[in-house]
Amino acid sequence: MKRELYIQIKEFLREVIRGTDFEGHVMTVGGCVRDDLMDLEIKDIDMCVSLPDGGIRFAEWLKEQGLITKGVTVYPNYGTAMLHLRAFPDVELEFVQTRKEKYIDHSCRNPVTAFGSIEEDCLRRDLTINSLYCNVSTDEIIDITGKGVDDIRDHIIRTPADPDLTYEDDPLRILRCIRFASRYGWDIEAETMDGMRRNAFRLEIIAKERIHDELCKMLTCPHPVMAMELLREIGAMHYVIPELEETYDMTQNEYHFGTVWEHTMSVLGHLKGDSLELRMAALLHDIGKIRVRTVTDGKVHFLKHELASADMVKDILRTLHYSNDLIDEVSFLVKNHMSCKAWGYECEHLKIKKLRKLQYQCGTEERFRNLMLLIDADNNAHAADRCMPHQVALIMRCTEEMKHEGTAMFGYKLPLTGKDVMDIKGLDPGSKVKECLDYLLKLAFVNPLIDREELIKHLKGYRLYK
């Protein structure tokens with residue numbers, strides 16, 4: 001939302017609570033205060049009330065005053081209430097009491113919560129920049145640690161309390177710290193960084209669904225390479241995608257510079273697309289090299305690593321609870337990222353029928369363009385004398401010409417169906433029908449404008465393999 005709307009909501013609540021027991025106790029907190037100071041758009045408005053059971057009590061009071069549109073959604077275990085003000089019906093507000101937390105069972109992230117002072121509320125939060133409060137009644141910024149405002153100015157990421165305590169209580173904050181650092185490109189304060197290293201092992205208690213969420217945000221942030229390097233540096237990758245650890249020191253052949261990890265980071269850095277599917281594919285496109293690497297006469301080979309990578313992608317992303325649609329998309333991109341390598345530096349070996357086949361396999365132009373973005377990033381991340389920086393641009397130019405001519409094969413459908421093939425050839429359902437359809441597709445790759453009658457003529461003359 002626009003900052004102006006955030007300001008209007010604060011002003012509205014200031015007038016509503018004037019002269020009541022809530023005056024001086026209602027505050028915006030966390031990301032909305034941070035983003036307001038950074039002159040960014042506000043995503044969510046979280047509010048706390050520094051009174052016992054203040055969040056729920058204030059929400060119910062607003063309801064009694066007839067100021068909300070619907071009912072109040074209450075989460076009593078956390079003293080939280082969510083609602084929509086009648087004056088701002090499109091904005092969901094969350095109210096919670098200032099609270100303290102006690103982690104009794106350190107094998108999980110579920111604390112016992114109770115009303116606490118604003119100081120106690122501040123120290124339970126993840127970062128100083130997320131531990132700022134704005135008193136609605138006075139518009140005063142309250143910086144309990146005395147560091148939050150300065151850290152925004154100085155571009156520093158640090159915990160509000162002792163990092164060992166912060167991460168022992170909730171190790172997910174380690175991933176959140178990396179996510180915010182890579183979101184802004186800011187430095188992590190040295191003591192906080194050391195605390196992350198010491199406590200990375202605590203990530204073993206974090207549910208895969210939560211790791212999934214943080215990884216998505218890291219990969220789609222403005223600095224994904226920074227995020228991945230931080231995971232590696234503090235030993236957290238072991239709890240995110242442990243298979244990548246084997247790539248850190250794995251040497252390659254003359255086509256590459258550096259290790260498999262260094263090449264992977266270079267691909268991720270060269271990638272011009274920012275979708276989760278693309279960045280995940282870049283991160284995992286060579287993961288299969290840890291399975292297929294061989295050395296013959298001193299030379300390193302990674303034969304068919306793209307196929308091994310595609311298989312591993314499915315296992316890795318299922319473990320992290322990604323959707324089947326995303327898994328299918330990423331595995332397709334990874335499986336086909338080598339499909340243009342033999343076409344040459346300047347596409348001198350490109351055969352049009354091969355390009356049409358790739359368009360057909362992609363199905364949609366969007367998927368084809370994503371594949372080209374991945375291939376281009378991979379091409380540009382090879383050794384200097386092995387790069388193919390112009391290849392994808394030439395492929396795309398050729399594709400545009402084919403689209404203009406009407407010969408591109410995105411979404412192509414044969415004029416003949418499997419039933420047509422069975423009727424014409426007198427076949428029963430089975431592999432021979434597929435053989436015939438594959439034969440007809442090969443004809444279409446050569447001439448995508450071939451009509452039904454011509455295909456029937458070829459089909460009748462086709463001799464099936466025995």
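**Setting up.** I am working with a predicted model, where local features need pLDDT of at least 70, side-chain atom pairs count only at pLDDT 80 or more, and totals for chains, interfaces and linings use all residues. Residues are numbered from 1 along each chain as its sequence is written, and side-chain values use heavy atoms, with hydrogens and water left out.

**Strand 8.** I looked up residues 132–135, which make up strand 8; strands here are DSSP runs of E with at least two residues, and helices are runs of H or I with at least four, numbered from the N terminus. Leu132 and Cys134 lie on one side and Tyr133 and Asn135 on the other, and all are buried (under 20% relative accessible area with a 1.4 Å probe, protein chains only). In a regular strand, side chains alternate between the two faces of the sheet.

**Its neighbours.** Strand 1 (residues 26–29) pairs with strand 8 in the antiparallel sense over three bridges; pairing takes at least two DSSP bridges. I found Thr28 opposite Cys134. Strand 9 (residues 141–143) also runs antiparallel to strand 8, joined by three bridges, and Asp143 is the bridge partner of Leu132. Five residues separate strands 8 and 9 in their hairpin, and Asp139 in the turn has a positive phi of about 65 degrees.

**Helix 14.** Which residues of helix 14 are buried? I noted His305, Glu306, Ala308, Ser309, Ala310, Met312, Val313, Ile316 and Leu317. These pack against helix 12 (276–284), helix 13 (289–292) and helix 15 (324–335), with contact meaning heavy atoms within 4.5 Å. After helix 14 comes His321, with a positive phi near 65 degrees.

How values were computed:
Buried < 20%, exposed > 50% of the residue type's maximum accessible area, 1.4 Å probe, protein only.
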